[in-house]
Amino acid sequence: MIRRDALLLGLTAALASTLPALALDRALSPEEQQLITDIGAHNSAIRTMVGRFLQIDTNGGRTEGTFFLERPDKIRFRYNPPSKEEIVSVGRGFYVLNRADETYYAYPQDSIPLRQFLGDKIDLLAANVLDVTDADGYLTVTLSDDTAAGTVQVSLIFDVATMDLVQWSLVEPSGSELTFSLYDVEKGVDIPRSYFSIPATYKGLDPSTKR
């Protein structure tokens, strides 16, 4: 089973190997380029959003929770009980928190595959695009992303009618996949600053010792 922190970090041993460099094998049409540009502009204008998420791993395991996003570079995923985990970006790094023992693991900001969607300005055309498909009212943009621990493929799925992100998936070099769907999303919500901070009582642990 994929560990929950692989949702954003992709820092398990399976990522030690890397995929060969890949690129889109065709030219995007002007219509596709314009749609991707419009989607980037639309989502860049959304400065905050909150909602629910459903995470499904390769083995069919399902986990739900709540997310909070604030641009640039801040996001928090809080998993429903019985899980005690949270994933938090405070804009200068990502942290995997354990509420039960008040500990955390810290990772560099540039190791996060989802960072293309978290920036101040979203420009998917500037990323390493592997594939673009438009079917049944949804546009899927698949990117190849080099993280500190290896190459991950990220597929972002947008509703063409609303231009909102509705789902994304991560594929590790091992072939394991994690799919993450959003629902009950609200935009322009005031989010307390404390949601993007690490409690002073929490103790940092060495990520290299994590199993």
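**View 1. A side chain of Asp57 meets the backbone of Asn59.** In this predicted model, a polar atom of the Asp57 side chain lies 2.9 Å from the backbone nitrogen of Asn59. Asp57 belongs to strand β1, residues 48–57 (strands are DSSP runs of E, at least two residues, numbered from the N terminus). Asp57 is buried, at 8% relative accessible area. Buried means under 20%, exposed over 50%, and partly exposed in between, with a 1.4 Å probe and protein chains only.

**View 2. Phe68 and Tyr195 form an edge-to-face pair.** The structure has 9 aromatic pairs. In this one, the ring centres are 4.8 Å apart and the planes stand at 90 degrees. Rings of Phe, Tyr and Trp (its six-membered ring) pair if their centres lie within 6.5 Å; planes under 30 degrees apart are stacked, over 60 edge-to-face, and the rest tilted. Phe68 sits in strand β2 (62–70), Tyr195 in the loop between β11 (177–187) and β12 (203–205), 127 residues apart. Phe68 is buried at 16%; Tyr195 is partly exposed at 31%.

**View 3. Phe77 pairs edge-to-face with Phe180.** Their centres are 5.0 Å apart, with 85 degrees between the planes. Phe77 lies in strand β3 (74–79) and Phe180 in strand β11, 103 residues apart. Both are buried.

**View 4. Arg71 lies over the face of Phe117.** The distance to the ring centre is 4.6 Å. A charge sits over a ring if NZ of Lys or CZ of Arg is within 6 Å of the centre and within 35 degrees of the ring normal.

**Notes.** Residues are numbered from 1 along each chain as its sequence is written, and side-chain values use heavy atoms, without hydrogens or water. Local features need pLDDT of at least 70, side-chain atom pairs count only at pLDDT 80 or more, and totals for chains, interfaces and linings use all residues.

Methods. Helix = DSSP H or I, 4+ residues; strand = E, 2+ residues; numbered from the N terminus. Polar contact = N/O pair within 3.5 Å; in protein donor to acceptor, adjacent residues only side chain to side chain.
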